[in-house]
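Subject: Structure handover

Hi,

Here is the structure you asked about. Please load it first, then read on for the charge pairs and a few other points.

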Amino acid sequence: MSNEATPHFGVCIRNQDCEDLQLLKLYPILPDLTAEGAGLIRVVDDSGEDYLYPAENFIPVSLPAAVEQVLSAIPVSVSSR
(Lines give C-alpha, C1' and ligand atoms only; values in the text may rest on other atoms or scores of the structure.)
Protein backbone atom coordinates (compact mmCIF):
# COMPACT_ATOMS: atom_id res chain seq x y z
CA MET A 1 0.00 0.00 0.00
CA SER A 2 1.45 3.37 -0.93
CA ASN A 3 1.53 6.29 1.46
CA GLU A 4 -1.11 8.06 -0.64
CA ALA A 5 -3.54 5.16 -0.13
CA THR A 6 -2.78 4.81 3.57
CA PRO A 7 -5.60 6.27 5.66
CA HIS A 8 -4.48 8.93 8.10
CA PHE A 9 -7.11 8.06 10.71
CA GLY A 10 -8.85 4.98 12.02
CA VAL A 11 -11.64 4.17 14.46
CA CYS A 12 -10.84 1.74 17.27
CA ILE A 13 -13.23 -1.22 17.24
CA ARG A 14 -11.28 -3.52 19.62
CA ASN A 15 -9.19 -2.60 22.63
CA GLN A 16 -8.75 -5.85 24.55
CA ASP A 17 -5.32 -5.81 26.25
CA CYS A 18 -4.71 -2.28 24.89
CA GLU A 19 -4.90 0.11 27.83
CA ASP A 20 -4.19 3.21 25.73
CA LEU A 21 -7.07 2.74 23.27
CA GLN A 22 -10.72 3.71 23.64
CA LEU A 23 -13.49 2.03 21.67
CA LEU A 24 -15.03 4.12 18.90
CA LYS A 25 -12.35 6.82 19.20
CA LEU A 26 -10.66 8.26 16.11
CA TYR A 27 -6.86 7.81 16.13
CA PRO A 28 -4.10 9.11 13.85
CA ILE A 29 -2.46 6.40 11.77
CA LEU A 30 1.16 6.75 10.66
CA PRO A 31 2.44 5.08 7.49
CA ASP A 32 4.56 1.98 8.21
CA LEU A 33 4.85 -0.44 5.30
CA THR A 34 6.84 -2.97 7.32
CA ALA A 35 4.14 -3.09 10.00
CA GLU A 36 1.38 -3.38 7.40
CA GLY A 37 3.11 -6.42 5.96
CA ALA A 38 2.90 -8.05 9.40
CA GLY A 39 -0.81 -7.24 9.89
CA LEU A 40 -0.06 -4.32 12.20
CA ILE A 41 -0.82 -0.62 12.10
CA ARG A 42 1.14 2.27 13.66
CA VAL A 43 -1.22 4.40 15.75
CA VAL A 44 -0.75 7.45 17.98
CA ASP A 45 -2.63 6.20 21.03
CA ASP A 46 -3.89 7.94 24.17
CA SER A 47 -0.38 8.00 25.62
CA GLY A 48 0.56 10.45 22.85
CA GLU A 49 3.16 8.02 21.47
CA ASP A 50 2.96 5.88 18.36
CA TYR A 51 2.80 2.12 18.81
CA LEU A 52 2.01 -0.91 16.70
CA TYR A 53 -1.40 -2.52 17.15
CA PRO A 54 -3.18 -5.31 15.28
CA ALA A 55 -4.76 -3.78 12.17
CA GLU A 56 -7.97 -5.64 12.99
CA ASN A 57 -8.42 -3.31 16.00
CA PHE A 58 -9.18 -0.39 13.66
CA ILE A 59 -11.37 0.54 10.76
CA PRO A 60 -9.49 2.97 8.53
CA VAL A 61 -11.60 5.99 7.59
CA SER A 62 -11.36 8.42 4.74
CA LEU A 63 -12.11 11.96 5.79
CA PRO A 64 -12.54 15.06 3.65
CA ALA A 65 -9.20 16.82 3.09
CA ALA A 66 -10.34 19.88 5.06
CA VAL A 67 -11.18 17.72 8.09
CA GLU A 68 -7.85 15.85 7.91
CA GLN A 69 -6.01 19.16 7.67
CA VAL A 70 -7.70 20.51 10.81
CA LEU A 71 -7.25 17.27 12.78
CA SER A 72 -3.60 16.97 11.75
CA ALA A 73 -2.91 20.50 13.03
CA ILE A 74 -4.19 19.68 16.53
CA PRO A 75 -1.35 18.56 18.81
CA VAL A 76 -1.84 15.07 20.21
CA SER A 77 -1.79 15.07 24.00
CA VAL A 78 -2.34 12.51 26.69
CA SER A 79 -6.01 12.33 27.51
CA SER A 80 -7.10 12.43 31.13
CA ARG A 81 -8.57 9.26 32.54
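D32 and R42 form a salt bridge, with the closest N and O atoms 2.8 Å apart. The pair links distant parts of the chain: D32 sits in the loop between strand 2 and helix 1 (33-37), R42 in strand 3, 10 residues apart. Note that this is a predicted model. D32 is buried, because its relative accessible area is 15% and the cut-off is under 20%.

R42 also meets D50 in a salt bridge (2.9 Å, N to O). D50 is partly exposed, at 32% relative accessibility. Shared partners join D32, R42 and D50 into one network.

How many salt bridges does a search of the whole structure find? Three. Among them is K25 with D46, where the closest N and O atoms are 2.6 Å apart. K25 lies in the loop between strand 1 (9-12) and strand 2 (26-30), and D46 in the loop between strand 3 and strand 4 (50-54), so the pair ties together parts that are 21 residues apart in sequence. K25 is partly exposed at 28%; D46 is buried at 4%.

Now a charge without a partner. E68 is in helix 2 (residues 65-73). E68 is buried but has no salt bridge. The nearest side chain of opposite charge, R42, is 17 Å away. Leaving aside residues up to four places away in sequence, E68 touches H8, F9 and L63.

V44 is buried, with a relative accessible area of 12%. The C-alpha atoms of V44 and P28 are 5.6 Å apart, though 16 residues separate the two along the chain.

Best wishes

Conventions: Residues numbered from 1 in each chain as written. Predicted model: local features only at pLDDT ≥ 70, side-chain atom pairs only at ≥ 80, totals over all residues. Heavy atoms only, no water. Helix = DSSP H or I, 4+ residues; strand = E, 2+ residues; numbered from the N terminus. Buried < 20%, exposed > 50% of the residue type's maximum accessible area, 1.4 Å probe, protein only. Lys, Arg positive; Asp, Glu negative; His and termini not counted. Salt bridge = Lys/Arg side-chain N within 4 Å of Asp/Glu carboxyl O. Contact = heavy atoms within 4.5 Å.
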